[in-house]
Amino acid sequence: MVNLDRSISFDGRDIRLKVGLLAPQAGGSVLIESGDTAVLVTATRAASREGIDFLPLLVDYEERLYAAGRIPGGFLRREGRPPEKVTLISRLIDRPLRPLFPSWLRDDIQIVATTLSMDELVPPDVLAVTGASIAVLQAKIPFYGPMAAVRVGLVGDDFIINPTYKEIEMGDLDLVVAGSPEGVVMVEAGANQLPEQDIIEAIDFGYEAVRDLISAQQSLMQDLGIDLAIEEPPQVASALEEFIGDRATQSIKQVLSQFNLDKNARDEALDQIKENVIVAAIAQLPEDDSIRVSAMEDAQAVGSLFKNLTKKLMRSQIVEEGVRVDGRKLDEVRPISCMVGVLPSRVHGSGLFNRGLTQVLSTATLGTPGDAQVLDDLNPEEEKRYLHHYNFPPFSVGETKPLRSPGRREIGHGALAERALVPVLPPQEEFPYVIRVVSEVLSSNGSTSMGSVCGSTLALMDAGVPISKPVSGAAMGLIKEGNEVRILTDIQGIEDFLGDMDFKVAGTDTGVTALQMDMKITGLSLDVVARAIQQARPARLHILEKMLATIDKPRQEMSPFAPRLLTIRIDPEMIGLVIGPGGKTIKGITEQTGAKVDIEDDGTVTVSAIEAEKAKKAIAIIQGMTRKLEEGDVYIGRVTRIIPIGAFVEVLPGKEGMIHISQLADYRVGKVEDEVAVGDEVIVKVREIDNKGRINLTRLGIHPDEAAAARAAAT
């Protein structure tokens, strides 16, 4: 294996490539570095398996906590189930790679990206995407590359290539753009309500850097002696293909032009046509050996060719007639209906969003700071206070299959909806709740992720979360035949399945908050991408209008079953006092009041309870414990215990002082019990706080006005 080192510099950032140094038995490998972040990416290819009619591509991203000098938590002290961020990066690598493999390729291909070192400046994800392209090319796997990816940030008015974590946090944009020599193949972004034109300019800015990385890869492959040309297998029209075309074309056209058919009826009609073709083919097989293959291959071959024919006819109808299978115009949105408060108030907020046959039920749950998700990965972020989960049960598409834990698709769609809504959430200082939204897809016919955004906006407003603006989303599609391009608004299932693009755009009436573009072709020019983004805006606003007709602002009152939070700030040095040894004190407050107490390192104390009075009682105890007493302060206290030389009085919750027997009265007291008893309420003044912090009290020298003020404060 040839060892080569390369360095690429652009926009003040350096990327270093080391090819052939590590993993010599992999088909291709590259160590790609920037700063102190280093990612090893390998590509391995195995022979195709019999009966496979798709590309079995497997992409895995692996994080090792030693990369950041950390030891994993948990009992086993080793990496376990991959965290959500790892799954999202695996998808980020997969999505721009997949469309660049030839449609005829059926070999098993595995891409493994492993972060071996990481600093707090350079995110490893875009390095892994570019590294995957280099590894695939080095492995001599057929590939319409090179492909590369960069991140674009926006700090102030300036775009930045591959910003640091801090720059991403400070900025208004976090955009990843991946491209091939033919154009853009993938875009993913979160934005702080940026205008569409800013997003378009950011994609253009990023693609310029992508082209530099593509050129560097082409030069590298030339030095390695690797030819990037791909020999396509001969495309010969088979007798079976002609047979299917002759018998099915008119029937398929008829079904696709029946605009009154819903998804299920259309699918049933197409399935029946396919079944008729299979029956006809089997009946003719003994007479025509040019059609005949094995029985199993017959069904697979007919299914594949029938899909290709349906795809060709649907796309032709859109390009030539400008009509979609449900009769809509290219820029028309399906019928929309919305509801809020669908579920009883024990669910803190709920929203139901319907767009055509797509239906999403979203629920919002308000939790306490202790409900935040603790993150144990390489991301500098330590916890999440907004959680968005997406579920896609099989009944949503009329299927049956075992229910399992969320897959990559569910995790990805939930993350997209989360990214769309984060920019409009209230700051923690104003709304200290942890928020969890769950989107249940009850029926799917395309664009469920954007349906989740819309339904979740409704649920958040129903729960009384003071979002700054409502968010809506639409999914755009594409049909490209030669130089003819048609952009489709609000794509449905068949248009996604047989089309060339799935471009999701979410945002407010001000601007974009999230977008995600996936391609099924090898690249798209920026002007087409720009047209799709601009065409999505009127669709989003139309959907938003329907949502606001249902609920136009967040509710003023939360569900009676949502926790009530009260927040105070104490001196951080007092945190140990409130917690107590082994958590004894804070547990006692919870047992006494029924409220939950969360304390952060900066001294922020959040108390939660379903009943506000319980929270107020706990707050009063904590304030009393942490309040600094001053000499001369007057309080109404309660006697807690008696000793021969005096009585102890609780002047504030958790704070006791002692009245010496000589300070109980202005005359000589024989026994303490002659003056006070346990449980008595007494007015006392702080006489002295000694150098050990002990509080000495007195009942002498208290002015009537001071006593009156103490009584008023106690009430």
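Rings of Phe, Tyr and Trp (its six-membered ring) count as a pair if their centres lie within 6.5 Å; planes under 30 degrees apart are stacked, over 60 edge-to-face, and the rest tilted. By this rule there are 4 aromatic pairs.

The model is predicted, so local features need pLDDT of at least 70 and side-chain atom pairs count only at pLDDT 80 or more, whereas totals for chains, interfaces and linings use all residues. Residues are numbered from 1 along each chain as its sequence is written, and side-chain values use heavy atoms, with hydrogens and water left out.

Select Phe101 and Phe143: the ring centres are 5.2 Å apart and the planes stand at 50 degrees, so this pair is tilted. Phe101 belongs to the loop between α1 (84-97) and β6 (108-117), and Phe143 to the loop between α2 (125-138) and β7 (148-155); the two are 42 residues apart. Helices (H or I, at least four residues) and strands (E, at least two) are DSSP runs, numbered from the N terminus. Phe101 is buried at 5% relative accessible area, and Phe143 is buried at 2% (buried: under 20%; exposed: over 50%; partly exposed: in between; 1.4 Å probe, protein chains only).

Next, select Phe159 and Phe205, whose ring centres are 5.6 Å apart with planes at 35 degrees, so this pair is also tilted. Phe159 lies in strand β8 (residues 158-161) and Phe205 in helix α4 (residues 196-224), so the pair ties together parts 46 residues apart in sequence. Phe205 is partly exposed, at 31% relative accessibility.

Finally, turn to Arg409, whose charged end sits over the ring of Phe392, 4.3 Å from its centre (NZ of Lys or CZ of Arg within 6 Å of the ring centre and within 35 degrees of the ring normal). At Arg641, the residue lies over the face of Phe648, 3.8 Å from the ring centre.
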